[in-house]
Amino acid sequence: MNETWNEGGTGVLRLPSGRLVRGRGLRRPLPAGPVPTYAVYLLGKEPPEVPWEARWLRWPDFWLPSDGRQLRAALGEAWDRAGAGRVEVACDGGRGRTGTALACLAVLDGVPPERAVEFVRRNYDRHAVETPWQKRYVRRFAP
């Protein structure tokens with residue numbers, strides 16, 4: 001049974017491999033339709049509980065993840081799960097931290113690091129990856 005996102009859904013990004021992931025801003029209402037089967041929440045403080053499996057990574061707004069190894073592990077798991085499940089990546093606004101994480105997922109999926117920010121801006125949100133240090137983080141992210 002296929003439990004992935006519908007392409008064209010709110011915030012859904014198609015990676016080059018065909019995997020679909022959803023980026024989202026938690027300040028906005030949950031989009032209508034199916035809920036995630038797995039989520040990675042990138043916030044400065046622990047998020048409220050959700051009825052699906054979720055992982056929280058400490059990541060202050062406009063900065064970088066507090067632990068790069070944890071981010072790498074969480075994104076590796078998210079990439080694996082996106083092959084058969086509805087994976088969501090989210091922060092408060094859905095652009096800076098979420099865009100950075102989606103660009104890193106794109107790198108894991110085969111997009112060259114120097115092109116990953118542009119890929120996410122073109123296919124997810126033109127304002128994704130908000131700060132120079134977030135862009136640099138993506139360029140240095142190794143698959």
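Two residues are in contact when heavy atoms of theirs lie within 4.5 Å. With that in hand, look at the protein chain, which is a predicted model. Take the contacts between residues at least 6 apart in sequence: 61% of them join residues at least 24 apart.

Start with the order of elements. The protein chain has four helices and five strands. Read from the N terminus, they run β-β-β-β-α-β-α-α-α.

Next, the overall dimensions. The C-alpha atoms fill a box of roughly 35 × 30 × 25 Å along the principal axes. The radius of gyration is 13 Å. A compact globule of 143 residues would have a value near 15 Å, so the protein chain agrees with that expectation. Of the 143 residues, 48% count as buried. The accessible surface comes to about 7300 Å². Carbon and sulfur atoms account for 49% of that surface.

Now go inside, to helix H2. This helix spans residues 96-108, and Leu 105 lies in it. Leu 105 counts as buried because its relative accessibility is 0%, and the cut-off for buried is under 20%. What does Leu 105 touch, not counting residues up to four places away in sequence? Its partners are Leu 15, Val 21, Leu 75, Trp 79 and Val 89. Arg 14 gives another reference point. Leu 105 and Arg 14 are 91 residues apart in sequence, yet their C-alpha atoms are 11 Å apart in space.

Helix H3 covers 113-123 and helix H4 covers 132-140, and Ala 128 is in the loop between them. Is Ala 128 buried or exposed? Its relative accessibility is 0%, so Ala 128 counts as buried. Setting aside neighbours within four places in sequence, Ala 128 is in contact with Arg 95, Gly 99, Val 120 and Arg 121. Ala 128 and Gly 76 are 52 residues apart in sequence, and 20 Å separates their C-alpha atoms.

Val 129 is in this loop between H3 and H4 too. With 0% relative accessibility, Val 129 counts as buried. Its backbone deserves a look. Phi of Val 129 is near 65°, a positive value in a residue other than glycine. Phe 62 also has a positive phi, near 70°, and it too is a residue other than glycine. Phe 62 is in the loop between strand E4, residues 53-58, and H1. At 43% relative accessibility, Phe 62 counts as partly exposed.

Turn now to charge. The protein chain has 23 positive and 16 negative side chains. The centres of the two sets lie 5 Å apart. Side chains of opposite charge can pair when their charged atoms come close. How many salt bridges does the structure hold? The structure holds 10.

One of these salt bridges joins the side chains of Arg 14 and Glu 7, with 2.7 Å from N to O. Arg 14 is partly exposed, at 37% relative accessibility. Glu 7 is exposed, with a relative accessible area of 52%. The cut-off for exposed is over 50%, so Glu 7 passes it.

Another salt bridge joins Arg 97 and Asp 92, at 3.5 Å from N to O. Here the partners fall into separate classes. Arg 97 counts as buried, at 2% relative accessibility. Asp 92 is partly exposed, at 29%. Salt bridges can also link up through shared partners: Glu 53, Arg 55, Glu 77 and Arg 81 are joined in this way into one network.

Look at one pair in that network. Glu 77 forms a salt bridge with Arg 81, and their closest N and O atoms are 2.9 Å apart. Both residues belong to helix H1, residues 68-81. Why are they about one helical turn apart? Glu 77 and Arg 81 are four residues apart in that helix, which means a separation of about one turn. Glu 77 counts as partly exposed, at 27% relative accessibility. Arg 81 is also partly exposed, at 28%.

Notes: Residues are numbered from 1 along each chain as its sequence is written. This is a predicted model: local features need pLDDT of at least 70, side-chain atom pairs count only at pLDDT 80 or more; totals for chains, interfaces and linings use all residues. Side-chain values use heavy atoms; hydrogens and water are left out. Helices (H or I, at least four residues) and strands (E, at least two) are DSSP runs, numbered from the N terminus. The radius of gyration is taken over C-alpha atoms; the globule rule is 2.2 Å times the number of residues to the power 0.38. Buried means under 20% relative accessible area, exposed over 50%, partly exposed in between (1.4 Å probe, protein chains only). Accessible areas come from the Shrake-Rupley method with a 1.4 Å probe; for residues, only the protein chains shown count as cover. Lys and Arg count as positive and Asp and Glu as negative; His and the chain ends are not counted. The place of a charge is taken as NZ of Lys, CZ of Arg, CG of Asp or CD of Glu. A salt bridge is a side-chain nitrogen of Lys or Arg within 4 Å of a carboxyl oxygen of Asp or Glu.
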